[in-house]
Amino acid sequence: MPINNPLQGKIINLRLVSTEDAEFILSLRKNPLLNQHISSTEISVEEQKNWLRAYKSREELGQEVYFIVENKAHHPVGTVRIYKIDPGKNECTWGSFILNENRPENSSAEVISLSAGFVFDELKLQKIKLDVRRENSKAIHIYEKYGFKRVAEDDLDYYYEMKRESQC
Ligand SMILES: CC(C)(COP(=O)(O)OP(=O)(O)OC[C@H]1O[C@@H](n2cnc3c(N)ncnc32)[C@H](O)[C@@H]1OP(=O)(O)O)[C@@H](O)C(=O)NCCC(=O)NCCS
């Protein structure tokens, strides 16, 4: 799948991950200020690199797209991932959304608009799905503000969708 890399926003870019990003990704996933509502991890940098190598095959096959969020000076400030890309069902799942303390102000709005635009305009899919822990009130606020609609819930999570026509 040919991907315009990076996707350019006004304050951040989304660029495809490489195995060299393993340490940065782990710095996010192991940060106690950021991992309260995501599954934490004990893996090593080498294990993360191996995961990224396997991911790159999925990227080649058009199954998954993992972006590093970087500021305009090209310093990484976060991640976002589009996975379970299913052209048959016209949908994908959106996740691994993490921004660290160096993010420019209002990054989350641009991460959502760039990545949703990529899903709808480049991948030509109709629907983005995501799930979020019920207690992650900040992420929920952001998802609802930028166009995701709650469609289901269980004891642990809320489930959201954004359809092509409702994109902000
Ligand atoms: C979720 C995350 C990416 C959001 O990015 P961010 O840059 O911190 O968010 P922003 O500064 O853009 O948004 C802050 C907004 O949330 C609101 N907010 C802050 N804390 C909040 C809270 N506890 N409850 C509800 N809303 C809250 C702010 O008022 C602001 O709203 P506004 O834009 O309407 O004024 C970031 O906090 C993060 O990485 N969290 C850890 C990982 C995570 O939980 N990811 C989501 C997994 S589903």
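# Reading a predicted chain and its ligand shell

Author: The chain holds four helices and eight strands, and the model shown here is a predicted one. Along the sequence these elements follow the pattern β-β-α-α-β-β-β-α-β-α-β-β.

Reader: What makes the chain as compact as a globular protein of its length?

Author: The radius of gyration of the chain is 15 Å, and the globule rule gives 15 Å for 168 residues; the two values are close, so the chain is as compact as a globular protein of that length. Along its principal axes, the C-alpha trace spans about 40 × 35 × 30 Å. Among contacts between residues at least 6 apart in sequence, 53% join residues at least 24 apart.

Reader: How many of the residues count as buried, and which of them touch the most other members of the largest nonpolar core?

Author: Of the 168 residues in the chain, 22% count as buried. The largest nonpolar core has 29 residues, of which F67, V69, V80, C92, V111, V119 and I128 touch the most other members. At least two residues of this core are supplied by each of β2 (12-16), β3 (65-71), β4 (76-86), β5, α3, β6 (127-133), α4 and β8 (157-163). In soluble globular proteins, nonpolar side chains tend to be buried together.

Reader: Which residues are in contact with V69, leaving aside its neighbours within four places in sequence?

Author: With those neighbours left aside, V69 is in contact with I12, L14, V77, G78, T79, V80, L99, S107 and V111.

Reader: How do you know that the span of α3 agrees with what its 16 residues should give?

Author: At 1.5 Å a residue, the 16 residues of α3 should span 22 Å, and the end C-alpha atoms of α3 are 21 Å apart, which agrees. The buried residues of this helix are S108, E110, V111, I112, L114, S115, A116 and V119. Helix α2 (residues 45-60) also has 16 residues, and from its first C-alpha to its last it reaches 23 Å, close to the 22 Å expected at 1.5 Å a residue.

Reader: Why is K84 called partly exposed, and why is N90?

Author: A residue is buried with 20 or more other C-beta atoms within 10 Å, exposed with 12 or fewer, and partly exposed in between. K84 has 13 C-beta neighbours inside 10 Å, so K84 counts as partly exposed. N90 likewise has 13 other C-beta atoms within 10 Å and is therefore partly exposed. K84 is found in strand β4, while N90 lies in the loop between β4 and β5.

Reader: What is the phi of K84, and what is that of N90?

Author: Phi of K84 is near 50°, a positive value in a residue other than glycine, and phi of N90, also a residue other than glycine, is positive and near 65°. Most residues other than glycine have a negative phi.

Reader: What makes up the shell around the ligand, and which element gives the largest share?

Author: The ligand is surrounded by 18 residues, the closest being S108, S137, K138, A139 and H141. These residues divide into eight nonpolar, seven polar and three charged. The largest share, six residues, comes from α4, and β5 (91-99), α3 (107-122) and α4 (137-145) each supply at least two residues of the shell.

Technical notes. Residues numbered from 1 in each chain as written. Predicted model: local features only at pLDDT ≥ 70, side-chain atom pairs only at ≥ 80, totals over all residues. Near = placed C-beta within 6 Å. Nonpolar A, V, L, I, M, F, W, Y, C, P; charged D, E, K, R; others polar. Rg over C-alpha atoms; globule rule 2.2 N^0.38 Å. Contact = placed C-beta atoms within 7 Å. Core = buried A, V, L, I, M, F, W, Y, C linked by C-beta atoms within 7 Å. Expected span 1.5 Å × (residues − 1).
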